[in-house]
Amino acid sequence: MLGKLLKHEWKAHWKVPTLLLGVLMIIAVVAGLTFLMPIWDSEWIGLPLSAMMLVMLFYMAMIAASFGIVLYFAVRYYKSMFTDEGYLTHTLPVTARELLFGKIITMTAWNLIAGIVVLLSIAVFFGIVILALASKDSSFAFDFFDFLSEMKEVFASPYMEGFGGFCASMIAMALTGSVGGTMIIIGSVNLGQMVRKHRILGAIGAYFAIYSVIQIIVFAVMMPFIFKMAFQMEHTDMSEMSVFGVYTPIYVIMSVVYLIAAVGLYILSEYLIRRQLELE
Amino acid sequence: MSELVEVNNLTKVYEKKKVALSQVNLIIPRGKIIGLLGPNGSGKTTLIKLISGLLVATEGEILINGSKPGPESKSVVSYLPERTYFQSSMKVKELIDYFADFYQDFRPERAKQMLMNLNINEDARLKTLSKGTKEKVQLIMVMSRDAQLYVLDEPIAGVDPAARDYILRTIISNYNENATVLLSTHLISDIEKILDEVIFIREGKVVLQDTVENIRESKGKSVDTYFREVFAC
């Protein structure tokens, strides 16, 4: 049944996020293309100003698309579980676990897709900008390749020690952050429905409460590491110290906290759906 | 096992200690059309929601085919709520696919035939349909299942007499002979002719469960008249 739930979740929800991410990509391309046109060098201030606003729009579109997708899925989760649509959802011959997994997997997948597309849009934007600048000024292309070869040397320096581990910790944090983010939304909406007369307000309140608690836990767990790092920085030659040694443990800790929070919120959510469901 | 549903000491208390059902005991047999009758706020919808697994009982238990409300019971119960409950952006044909995927007892051909009889376009999105047509689509979906128990909450409330006749005809002509139809209403005169049994419910308690024939014989009056006497204000 989980496969069927995933199929219908996907069919019901792919259009809005695809539209949001499609618009983001179009804005990235258009904002990048302004660098190919003689807009930025125009004497009339209106043209460079419009181009600057387009670049700003791209920046805002990245935030809007990411936030919009999260909000869209939060609203859809609430509607499909606790409004009139819930009458169909909760009369399907599926377990609470299958129901929740169907939604968690779909939401997490879209969180990850959104993250990848946002990164891709940045790459597209800068790719077009670099091409545009290189086409206008041939020395820029040489400078750019020089910069890349210099980066090679930087990667070989002791300063870049632990870069692989840092990348792995970043990927772990992106994955656990996506699951954790999804579970904060689902957990909040489920907790909010316990406030029977004000379910939406309850969900918003629960979101801020859960988010604050997780941030406090992250901070509390990281404190000893921060002190340790501060101590090391005082007694180490900074030029030989890798910045990744600082960030990797922080990302690992955050990943672990997100994972524990996600599991805890899942257990709570399943209990609430199984034992406390009360449709109006 | 002759009984389809067994309700034992069922109690449901909502927020602020509002008792919707109190110590309800019921046996619902197979192969009957049963009216769940009572005034507004008597607990009919609460009982139906508990049977359908949309609420959790405060005390007591419900057994459907011997199992508590869950995936097993939901695979044999076909439920029609008293509101429109499908996602409005869905097309009618998507709804057919949805039901066919989740309910093994769903008969798509039967649904398509009924939609065709009513000239309802399968490509239409639900949001483009009138409220009455949406309700008919819902009824068609629910009655296109070969379920063991059809639970219909106020299926004829708020519809015109012609639609009322259509709904009753659909229920009678589509339900499986071995299945039971439990339908709640307070419009008794309209449905009395199709009922085998009635359950009277008042202030969360079952006050009577009997066959329509028995009531007519023993009381010498129609169920509608008797209901008006029992629930006189």
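This is a predicted model: local features need pLDDT of at least 70, side-chain atom pairs count only at pLDDT 80 or more; totals for chains, interfaces and linings use all residues.

Biologist: Where does Asn9(B) lie?

Modeller: Asn9(B) is part of strand E1 of chain B, which covers residues 3-13.

Biologist: And what is the phi of Asn9(B) near?

Modeller: The phi of Asn9(B) is near 45°, a positive value in a residue other than glycine. Most residues other than glycine have a negative phi.

Biologist: Let us look at chain B as a whole. How many helices and strands does it have?

Modeller: Chain B has 9 helices and 9 strands. Its radius of gyration is 18 Å, close to the 17 Å that the globule rule gives for 233 residues, so chain B is as compact as a globular protein of that length. Along its principal axes, the C-alpha trace of chain B spans about 50 × 40 × 35 Å.

Biologist: How many of the residues of chain B count as buried?

Modeller: The share is 42% of the 233 residues of chain B. As for contacts in chain B between residues at least 6 apart in sequence, 71% join residues at least 24 apart.

Biologist: Which strands make up the open sheet?

Modeller: The open sheet of chain B has 6 strands, in the order E5-E6-E7-E3-E8-E9, and its pairing is mixed. Strand E5 (77-80) and strand E9 (205-211) of chain B stand at the edges with a single partner strand each, so one side of each is left without a neighbour in the sheet. On average, neighbouring strands of this sheet are turned by 15° against each other, direction ignored.

Biologist: What lies across E5 and E6?

Modeller: Helix H5 of chain B, residues 131-143, lies across E5 and strand E6 (149-153) of chain B. The helix runs at about 170° to E5(B).

Biologist: Now for E8(B). How many of its residues are buried?

Modeller: E8(B) is mostly covered, with 5 of its 6 residues buried. Strand E8 (residues 197-202) of chain B pairs with strand E3 (residues 33-37) of chain B in the parallel sense, over 4 bridges. In that pairing, Leu36(B) stands opposite Ile199(B).

Biologist: What about E8(B) and E9(B): parallel or antiparallel?

Modeller: E8(B) and E9(B) run antiparallel and are joined by 6 bridges. Phe200(B) stands opposite Leu208(B) in E9(B). These two strands form a hairpin with 2 residues between them, and in this hairpin Glu203(B) takes a positive phi near 45°.

Biologist: A new residue, then. Where is Ile62(B) found?

Modeller: Ile62(B) is found in strand E4 of chain B, residues 59-64. Ile62(B) is buried, with 22 other C-beta atoms within 10 Å.

Biologist: What is Ile62(B) in contact with, leaving aside its neighbours within four places in sequence?

Modeller: Its contacts include Val5(B), Val7(B), Leu10(B), Leu50(B) and Ile51(B). Val7(B) is 55 residues away from Ile62(B) along the chain, yet their C-alpha atoms are separated by 4.6 Å.

Biologist: Turning to chain A, how is it divided?

Modeller: Chain A is divided into domain 1 (1-152) and domain 2 (157-280). The centres of these two domains of chain A, taken over C-alpha atoms, are separated by 23 Å. Their contact takes 20 residues from domain 1 of chain A and 17 residues from domain 2 of chain A.

Biologist: And how many residues does the contact between chain A and chain B take from each?

Modeller: That contact takes 19 residues from chain A and 20 residues from chain B. On the side of chain A that touches chain B, H1(A) gives the most, with 3 residues. The residues of that side of chain A divide into 8 nonpolar, 5 polar and 6 charged.

Key:
Residues are numbered from 1 along each chain as its sequence is written. Chains are lettered from A and ligands numbered from 1 in the order in which they are written. Domain bounds come from an automatic or database domain assignment. Two residues are in contact if their C-beta atoms, placed from the backbone, lie within 7 Å. Ala, Val, Leu, Ile, Met, Phe, Trp, Tyr, Cys and Pro count as nonpolar, Asp, Glu, Lys and Arg as charged, and the others, Gly among them, as polar. The radius of gyration is taken over C-alpha atoms; the globule rule is 2.2 Å times the number of residues to the power 0.38. A residue is buried if 20 or more other C-beta atoms lie within 10 Å of its own, exposed if 12 or fewer, and partly exposed in between; C-beta atoms are placed from the backbone. Two strands pair if DSSP finds at least two bridges between them. Axes are lines fitted to C-alpha atoms, for helices over the stretch in contact, and angles run from 0 to 180 degrees between N-to-C directions.
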